[in-house]
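Please open the structure in your viewer and keep the selection tool at hand. Each stop below says what to select next and what is there.

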Amino acid sequence: VSVLPEPGGILSHWARMELGDFYHRRYGRILATLIRLIGDFELAEESLQDAFALALEAWPAAGTPANPEAWIVSTARHKAIDRIRRRAFLDTHRAEVEHHWRVQVESAADVVEPEDSLSLIFTCCHPALAPEAQVALTLRTLCGLSTEEIAHAFLVPVPTLAQRLVRAKTKIRDAGIPYRVPESHDYPARLDAVLAVVYLVFNEGYSASFGEQLVRAELCAEANRLGRMLVELLPRSTEAKGLLALMLLHDARRNARVDSDGGLVRLEDQERSRWDRGQIAEGIALVEASLRGGPPGPYAVQAAIAAVHSEARTAAETDWRQIAALYGVLVSLQPTPVVELNQAVAVAMADGPNRGLELLDRLTARGELSSYHLLPVARAELLQRLGRHPEAAAEFQRALALASNEPERRHIERRLAEVSADLR
Amino acid sequence: MRYMCLIYSDEGWRNTMSEAEGGRVLQEFMDFTQSVVKSGHHRAGERLAPTSSATTIRTKGGKVVTTDGPFAETKEQLGGYYILEAANLDEALKLAQRIPTVHLGGAIEVRPIMDMPPAK
């Protein structure tokens with residue numbers, strides 16, 4: 001008896017896998033184009049779901065179409081027309097408005113325009129939407145993350161997040177939030193919000209706080225792509241360059257950051273030959289261009305810090321004095337407790353663990369980071385270096401109680417085992 | 001789309017204004033109104049008498065109850081409104097920013113007006 005499934009079975013399985021991959025890579029840009037064509041978030045999303053459901057039936061049997069993107073757009077457009085007709089039938093007084101839509105949708109071309117993603121992100125990050133809704137909507141639409149994934153990432157109950165998304169989409173429609181890249185005089189304020197969201201998307205991909213998978217390379221790629229688009233559209237924006245540089249420099253370490261078991265590898269333990277040198281060179285060139293372009297912003301400074309790390313051939317050769325100085329600049333630009341935490345770690349490397357511990361003690365006393373697992377991790381590492389192992393073990397325990405990401409938890413467990421072994 | 005711009009400010013402040021100051025503010029409002037009429041954005045706009053003249057009615061236990069005063073005591077009161085025609089929220093916000101109240105310490109709430117079928 002053959003253990004192999006039927007050939008058709010293999011084919012359809014392969015087609016489904018391929019479709020899933022396609023969905024994850026293309027969802028955002030296709031949706032962006034559909035929103036432009038259809039002019040309604042909700043209807044575009046529903047129609048896109050319809051089109052993917054149809055693809056799931058049709059592609060495994062008939063084969064993947066030559067231009068899958070155009071197939072999806074075209075199918076979704078037709079599904080949208082069906083839905084418009086049904087709505088118009090149920091709600092006769094809206095028939096005129098619906099007719100206008102239908103003409104527009106019917107005459108549209110099935111071409112996915114990259115610019116649409118930019119219109120979409122500026123719309124999602126509109127200041128008339130609550131900040132938490134901006135982030136959720138960008139992740140849902142541009143990155144195609146599920147409501148569950150976003151809810152998990154932000155430690156919010158799923159129904160709360162779902163409601164947040166619905167409310168945001170309703171407001172976009174009812175308040176007439178325009179679907180476009182803002183006019184030049186609106187750029188600076190609107191860009192800050194967009195950059196923050198793009199960086200957040202990158203971080204979701206880089207350190208995915210949900211589930212087992214540490215690196216969701218596609219999300220990083222999506223964030224990098226958006227970052228590149230922003231740099232292209234705003235060639236004089238130093239912060240757009242700074243952000244792209246920062247993302248490229250971090251992303252360059254992706255392969256060295258995770259071991260074969262999916263565990264997290266600390267920067268100092270990473271095999272630096274596995275860093276992507278091409279991407280590092282591109283990142284450094286962007287940092288330099290950004291710093292030449294005007295006074296540095298927070299992204300450019302963070303990118304400069306990443307660049308200093310990237311330039312060190314070994315961890316021991318890291319120029320910690322320069323990094324500590326850059327963190328000093330960053331704290332003045334962005335005085336947040338997380339930045340101060342990183343500054344303390346850099347100071348500990350440059351001036352010794354006692355000096356770093358002083359800064360961490362001050363930060364701990366303020367209580368702002370009481371639920372952030374990396375604070376006890378940082379304390380534990382400095383205490384360990386000072387030979388204060390029982391205190392270090394207690395801090396690792398505290399960190400373990402706060403960490404939710406699986407690879408990070410495993411890393412903390414390993415460190416705890418090390419320090420506990422030293423105790424015996 | 002039509003947007004309702006609800007003008008909120010502290011009424012008390014209006015009473016403490018000197019005559020000259022009051023005249024200047026009035027002139028600013030007239031200038032704004034004239035500019036949006038000229039640009040074709042103006043649909044309507046009125047100034048309301050102070051909330052001390054307001055009467056609120058609601059049903060309590062099946063009876064219509066009439067009370068003196070506005071429906072809620074707030075730090076800033078609704079003092080007037082504009083209805084402006086704008087292509088989208090961005091344009092409406094840009095117009096609303098020019099309502100003198102914004103630089104006089106008050107606030108403007110911008111709300112889209114829902115399109116309803118005409119009454120028969």
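**Stop one: a residue in chain A**

Select A:Ala51 and, leaving aside residues up to four places away in sequence, you will find that it touches A:Trp71, A:Ile72, A:Thr75 and A:Ala76. The model you are looking at is predicted. A:Ala51 sits in helix α2 of chain A, which covers residues 41-62. Is A:Ala51 buried or exposed? A:Ala51 is buried, because its relative accessible area is 0%, and buried means under 20%.

**Stop two: two helices in chain A**

Select helix α19 (residues 389-402) of chain A together with helix α20 (residues 406-423) of chain A; their axes come within 9 Å and cross at roughly 160°. This angle makes α19(A) roughly antiparallel to α20(A), since angles over 145 degrees count as such. The crossing of α19(A) past α20(A) is left-handed. Next, show the side chains where they meet: α19(A) contributes residues including A:Phe396 and A:Leu400, and α20(A) residues including A:Ile412, A:Leu416 and A:Arg409. Sorted by class, this contact has 10 nonpolar, 4 charged and 2 polar residues.

**Stop three: a hairpin in chain B**

Move to chain B and select strands β3 (residues 55-60) and β4 (residues 63-68), which run antiparallel and are joined by 6 bridges. Opposite B:Thr55 you will find B:Asp68 in β4(B). What do β3(B) and β4(B) form? They form a hairpin with 2 residues between the strands. Finish on B:Gly61 in the turn, which has a positive phi of about 60°.

Note on methods: Residues numbered from 1 in each chain as written. Chains lettered and ligands numbered in written order. Predicted model: local features only at pLDDT ≥ 70, side-chain atom pairs only at ≥ 80, totals over all residues. Heavy atoms only, no water. Axes fitted to C-alpha atoms, helices over the stretch in contact; angles between N-to-C directions. Helix = DSSP H or I, 4+ residues; strand = E, 2+ residues; numbered from the N terminus. Parallel < 35°, antiparallel > 145°, perpendicular 65-115°, else oblique. Left-handed = near helix turned anticlockwise from the far one by under 90°. Contact = heavy atoms within 4.5 Å. Nonpolar A, V, L, I, M, F, W, Y, C, P; charged D, E, K, R; others polar. Pairing = 2+ DSSP bridges. Buried < 20%, exposed > 50% of the residue type's maximum accessible area, 1.4 Å probe, protein only.
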